[in-house]
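Let's take a walk through this model, chain by chain and then across the contact. Keep the viewer open as you read.

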Amino acid sequence: MIFVTVGTQMHFDRLISAVDEWAGTDTSRTVVAQAGPSTYRPKFIKSVPFMSAQDFRDHMHQARVIVSHAGMGSIITALEFGKRIIVMPRRADQGEHRNDHQIATAKYFGSQGHVLVASDKEELFQKLSQFRSGDTVEPISSTASPALISTLRKFVESGSEPRSR
Amino acid sequence: MILNFKCDYNPDISNSDDLNVEMAHLLSAQSAAGSGANSRRRAPKLLAVASGGGHWVQLLRVASAFQGCDVTYVSTHASYRSQVQGHKFLTVSDSSLSTKLGLIRTAIQLAAIVWTERPDIVVSTGAAPGYFALRLGRLFKARTIWLDSIANVEKLSLSGAKIGRHADLWLTQWPHLAKPEGPHYEGSVI
């Protein structure tokens with residue numbers, strides 16, 4: 001199963017329609033999408049606007065490939081399950097987001113090797129064709145870095161600003 | 001001062017001797033790692049607020065730092081309740097800094113929550129609902145933590161930049177965005 005997620009806040013018709021076109025080239029594949037308020041009506045994808053948190057995680061867990069906007073909820077959840085994820089960053093000039101921060105997010109996480117980045121339909125098709133089944137990555141730990149947890153913990157316990165002394 | 005608890009939350013504390021005993025209990029409970037059942041009733045109240053999606057996922061990844069606190073979670077999707085079983089969970093309507101009417105509604109909902117919960121600590125990973133929670137929490141003398149989303153690689157979020165002087169602990173997840181006067185960098189959620 002290929003799982004597509006674009007969050008729940010804004011449409012991302014460019015991604016949904018691209019994956020739908022790709023899904024149409026081989027209808028033996030199962031493609032499921034959480035499409036949010038996207039208006040494009042896919043022909044080959046099983047699409048829902050919103051999934052519960054548990055449903056979302058179940059789909060992430062079962063997916064062979066994840067295709068997503070460059071949202072941190074999708075990226076972090078995919079990394080927690082050790083899944084390969086292809087992200088297409090939303091663009092403000094296409095009305096897909098209020099700003100272009102997803103482009104920066106995708107660039108950075110892509111350069112670190114955490115995610116594969118596709119800027120447009122052609123790059124997405126190319127990345128999808130490179131996937132081999134069983135191509136997984138080492139799952140990340142289920143909690144934040146020990147340094148961050150320790151800083152927060154100290155603040156919560158101490159009642160004084162950690163940096164004040 | 002080590003502790004910052006508001007003892008008027010405990011109606012059974014009626015004189016200073018009792019107060020001293022209570023404080024001693026609190027101190028010993030606090031010093032024990034993962035403070036146990038005997039401190040539960042007086043555990044600090046912590047309000048943890050995040051919008052849906054990435055903000056929420058990041059909040060859950062730091063939740064282990066709230067161990068021993070009486071945590072109330074606030075987010076924008078009812079289905080998140082299942083991920084914080086054993087804790088109080090409340091929802092507010094989703095909004096962003098670009099829709100004024102939605103913002104006002106979210107602010108009013110959070111005002112009601114802060115009024116009712118009277119948290120000792122308010123923590124948020126963003127976005128707009130967390131901004132309001134910190135500002136409102138401050139009015140009631142809560143200590144505040146802002147952890148700017150890891151999604152903000154090149155600059156702080158709009159809320160994250162505005163919240164600076166209202167956050168006692170003001171953190172970015174990127175070393176290159178840290179400044180001496182804050183936000184500070186102390187690691188990230190991954």
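Predicted model: local features only at pLDDT ≥ 70, side-chain atom pairs only at ≥ 80, totals over all residues.

Residues are numbered from 1 along each chain as its sequence is written, and chains are lettered from A and ligands numbered from 1 in the order in which they are written.

Let's begin with the overall plan of chain B. Its secondary structure comes to five helices and seven strands; here helices (H or I, at least four residues) and strands (E, at least two) are DSSP runs, numbered from the N terminus. Going along the sequence, the pattern of chain B is α-β-α-β-β-α-β-α-β-α-β-β. Of the 190 residues in chain B, 44% are buried. Buried means that 20 or more other C-beta atoms lie within 10 Å of the residue's own, exposed means 12 or fewer, and partly exposed is in between, with C-beta atoms placed from the backbone. If you look at contacts in chain B with a separation of 6 or more, 50% of them link residues 24 or more positions apart; a contact here means C-beta atoms, placed from the backbone, within 7 Å.

Now zoom in on strand β4 (residues 121–124) of chain B. B:Ile121 and B:Val123 point one way, B:Val122 and B:Ser124 point the other way, and all are buried. Which strands pair with β4(B)? One is strand β1 (residues 45–49) of chain B, which pairs with β4(B) in the parallel sense over four bridges, and B:Ala48 stands opposite B:Val123. Another is strand β5 (residues 143–147) of chain B, joined to β4(B) by four bridges and also running parallel; there, B:Val122 has B:Thr144 as its bridge partner. Pairing, for the record, takes at least two bridges found by DSSP between two strands.

Coming into β4, B:Arg118 sits in the loop between α3 (100–117) and β4 of chain B, and its phi is near 45 degrees, a positive value in a residue other than glycine. B:Arg118 is partly exposed because 15 other C-beta atoms lie within 10 Å. In the loop between β4 and α4 (128–139) of chain B you find B:Ala127, and the peptide bond from B:Gly126 to B:Ala127 is cis, with omega near -5 degrees. B:Lys141, in the loop between α4 and β5 of chain B, has a positive phi too, near 65 degrees. B:Lys141 counts as exposed because it has 11 C-beta neighbours inside 10 Å.

One more loop, between β6 (169–172) and β7 (184–185) of chain B, holds B:Pro175. With 11 C-beta neighbours inside 10 Å, B:Pro175 counts as exposed. B:Pro175 and B:Tyr185 are 10 residues apart in sequence and 5.4 Å apart in space, C-alpha to C-alpha. B:Pro183 is also placed between β6 and β7 of chain B, and a cis peptide bond with omega about 5 degrees joins B:Gly182 to B:Pro183.

Over to chain A. It has an open sheet of six strands in the order β3-β2-β1-β4-β5-β6, with parallel pairing. Its edge strands, each pairing on one side only, are β3 (46–48) and β6 (116–117) of chain A.

Finally, the place where the chains meet. The contact takes 34 residues from chain A and 42 residues from chain B. On the side of chain A that touches chain B, α6(A) gives the most, with 10 residues.

One helix pair is worth a look: the axes of helix α3 (residues 72–80) of chain A and helix α2 (residues 54–61) of chain B come within 7 Å and cross at roughly 45 degrees.

Definitions and conventions
Axes fitted to C-alpha atoms, helices over the stretch in contact; angles between N-to-C directions. Contact = placed C-beta atoms within 7 Å.
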